[in-house]
Each structure stands twice: as C-alpha cells, then as structure tokens.
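Trainee: I would like to go through this structure with you. Could we begin with the overall layout and then turn to the details?

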Amino acid sequence: MSSEILDKLKWRYACKKFDTTKKLTQEKLTILKNAFNLTATSYGLQPLKMLVISNQKIKQDLVSLTMNQQQVADCSQVLVLCTETKISSTYIKEYFDTVVSLRETPREIVQPFEDFLTKDFSQKDPSQINTWMAKQAYLALGNLLTVCALEDIDACPIEGFEPQKYDSFLDLTDKGLQSVLVLAVGYRAADDVFSSMAKVRRGTEKVIIEL
Ligand SMILES: Cc1cc2nc3c(=O)[nH]c(=O)nc-3n(C[C@H](O)[C@H](O)[C@H](O)COP(=O)(O)O)c2cc1C
C-alpha cells in the first residue's frame with residue numbers, strides 16, 4: 001500500500017475543535033456527496049440518504065441534541081447519515097428498474113433476483129432490516145472518513161447524539177428516514193490539542209492474524 005495513503009490516515013483524527021472561519025468549497029462538498037453515493041452496499045440497494053446541513057442556525061440547534069458536542073455548530077457542514085424507515089417491494093422494484101435502464105439488461109434476467117429479494121425482505125423482521133440498513137450507513141461513514149482524509153478535510157464521526165430527536169427536529173420521519181450517524185466536516189482549529197496527540201491503536205501485531 002502506498003505510504004502516502006497511510007500518511008493521510010495518520011493525519012486524520014476525530015476533530016474535537018473546528019475552525020469556524022473555514023468552510024468546505026462546493027467542489028469538496030461535491031466530492032463527499034459522490035463518495036457517499038459510490039459507497040458499496042449490500043445487494044446494491046443503497047437504503048441510505050445523507051442530509052448536508054450548512055445552515056448555521058440548524059447546526060447550532062443540533063448541539064443540545066448531540067450531547068452538547070460543539071463540533072456540530074463549529075464545523076463547516078453536518079452530514080447526517082440516514083436509513084430508510086422501511087424497504088418496500090416498490091423500493092426494490094425501483095432499484096431493478098434502474099439496473100434495467102442503466103445496464104440495458106433484459107427484465108427477465110433480473111426478475112428472479114428481484115422476486116427473491118422482495119420475498120426475502122417481506123419475511124424479515126423490521127428490526128433485522130434496521131440492523132442491516134445501519135450496517136450500510138457505517139460502511140458509508142468509513143468511506144467518507146477515508147475520502148475526507150485523502151481530500152485534507154477534517155471530520156468527526158459522531159454516534160453521541162439522540163437519533164429520535166434528530167428525526168423529529170429535521171423532519172426525517174416525514175421523509176421516510178431515520179438518522180443513524182452524524183459526521184461533522186470542516187477544518188481543524190489551530191488550537192485543537194487532539195490534532196497533535198499520538199494515535200492510540202493496538203498495533204498490527206495485535207489486530208492482524210496471519211495463517
Ligand atoms: C462510529 C463512531 C462514533 C464516534 N462517535 C464519537 C462522538 O460522538 N464524539 C466524538 O468526539 N468522537 C466520536 N468518535 C471518534 C472516536 O472516538 C475516534 O475515532 C477514536 O477514538 C479513534 O481516534 P481517531 O479517529 O482520532 O484516530 C466516533 C468514532 C466512530 C467510528
């Protein structure tokens with residue numbers, strides 16, 4: 001692996017204090033939006049949406065719903081990774097409609113897989129589907145964290161927030177969505193003491209098993 005990538009991964013850290021004067025350009029935001037959309041998901045179903053919040057008043061109001069973590073107010077954008085509230089047969093059909101139209105695949109080729117997924121999802125417990133969808137959101141988070149590092153964007157992944165309060169404050173339920181993860185993005189403040197702290201990791205000799 002290129003050491004340049006490792007250098008970027010060592011440069012990144014969970015930013016605790018953002019520089020309120022520095023904002024992401026539209027170009028950088030477009031990169032993050034595309035990276036989110038390009039994230040691999042199970043079956044390719046992408047049961048995800050991402051809110052991009054630039055509005056300062058909304059960001060400020062999110063602080064109290066985020067365990068008083070000031071990063072959501074001080075960052076450039078708050079990204080809220082959401083999952084669908086349910087996966088219906090219509091949702092699955094729309095995915096296969098897109099496959100057919102983008103790849104010009106005959107419907108009869110994809111139909112058996114569509115039938116399988118429709119049946120499989122209809123038999124699953126909603127909590128099982130929620131867990132599956134949340135896993136896809138975490139994949140997107142990992143992807144975004146790496147892309148941020150490669151693009152010299154600082155970020156703080158945030159699980160410490162109140163999802164139900166976010167859902168109601170941001171009208172997510174009405175949009176058929178539920179919040180799963182938050183990612184604050186922007187640029188580190190010069191005096192964020194965490195930026196110069198040593199990385200705390202267990203070490204490859206402890207976490208890698210070679211057979
Ligand atoms: C899923 C997830 C949730 C996290 N939630 C928070 C959070 O709510 N607040 C925070 O300050 N850091 C949060 N972190 C940051 C971690 O504490 C941090 O990534 C970890 O200690 C490793 O340090 P580093 O990212 O600076 O290398 C979270 C990280 C992940 C991956």
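Trainee: In what order do the elements of the chain run from the N terminus on?

Mentor: The order is α-α-β-α-α-β-α-α-α-β-α-β-α, with nine helices and four strands in the chain. Helices (H or I, at least four residues) and strands (E, at least two) are DSSP runs, numbered from the N terminus. Please note that this is a predicted model, in which local features need pLDDT of at least 70 and side-chain atom pairs count only at pLDDT 80 or more, while totals for chains, interfaces and linings use all residues. Residues are numbered from 1 along each chain as its sequence is written.

Trainee: What does the C-alpha trace span along its principal axes?

Mentor: The span is about 60 × 50 × 35 Å.

Trainee: And what share of the residues is buried?

Mentor: Of the 211 residues in the chain, 26% are buried. A residue is buried if 20 or more other C-beta atoms, placed from the backbone, lie within 10 Å of its own, exposed if 12 or fewer, and partly exposed in between.

Trainee: Now the sheet. What is the order of its strands?

Mentor: The open sheet of four strands has the order β1-β2-β4-β3, with antiparallel pairing. Two strands pair if DSSP finds at least two bridges between them.

Trainee: Which are the edge strands?

Mentor: They are β1 (48-53) and β3, each of which pairs on one side only. From one strand to the next, the twist averages 25°.

Trainee: How many bridges join β1 and β2?

Mentor: β1 and β2 (residues 77-84) pair over six bridges in the antiparallel sense. Among the partners, Val52 is bridged to Leu79 in β2.

Trainee: Which strands does α7 lie across?

Mentor: α7 lies across β1, β2, β3 and β4, and runs at about 10° to β4. Such axes are lines fitted to C-alpha atoms, for helices over the stretch in contact, and angles run from 0 to 180 degrees between N-to-C directions.

Trainee: How do α2 and α7 cross?

Mentor: The axes of α2 (residues 26-38) and α7 come within 9 Å and cross at roughly 145°. Ile31, Leu32, Ala35 and Phe36 in α2 meet Ala140, Asn143, Leu144 and Val147 in α7. By class, this contact has seven nonpolar, one polar and no charged residues. Ala, Val, Leu, Ile, Met, Phe, Trp, Tyr, Cys and Pro count as nonpolar, Asp, Glu, Lys and Arg as charged, and the others, Gly among them, as polar.

Trainee: Let us move to the loop between α8 and β4. Is Leu170 buried or exposed there, and why?

Mentor: Leu170, in that loop, is buried because 21 other C-beta atoms lie within 10 Å. Not counting residues up to four places away in sequence, Leu170 touches Leu51 and Val80; contact here requires C-beta atoms, placed from the backbone, within 7 Å.

Trainee: What about Asp171, buried or exposed?

Mentor: Asp171 is exposed, because there are 9 other C-beta atoms within 10 Å. Its phi is near 55°, a positive value in a residue other than glycine.

Trainee: Finally, which residues are around the ligand?

Mentor: They are Tyr13, Ala14, Lys16, Gln69, Cys156, Pro157, Ile158, Glu159, Gly160 and Lys199. A residue is counted if its C-beta atom, placed from the backbone, lies within 6 Å of the molecule. By class, the shell has five nonpolar, two polar and three charged residues.

Key. Contact = placed C-beta atoms within 7 Å.
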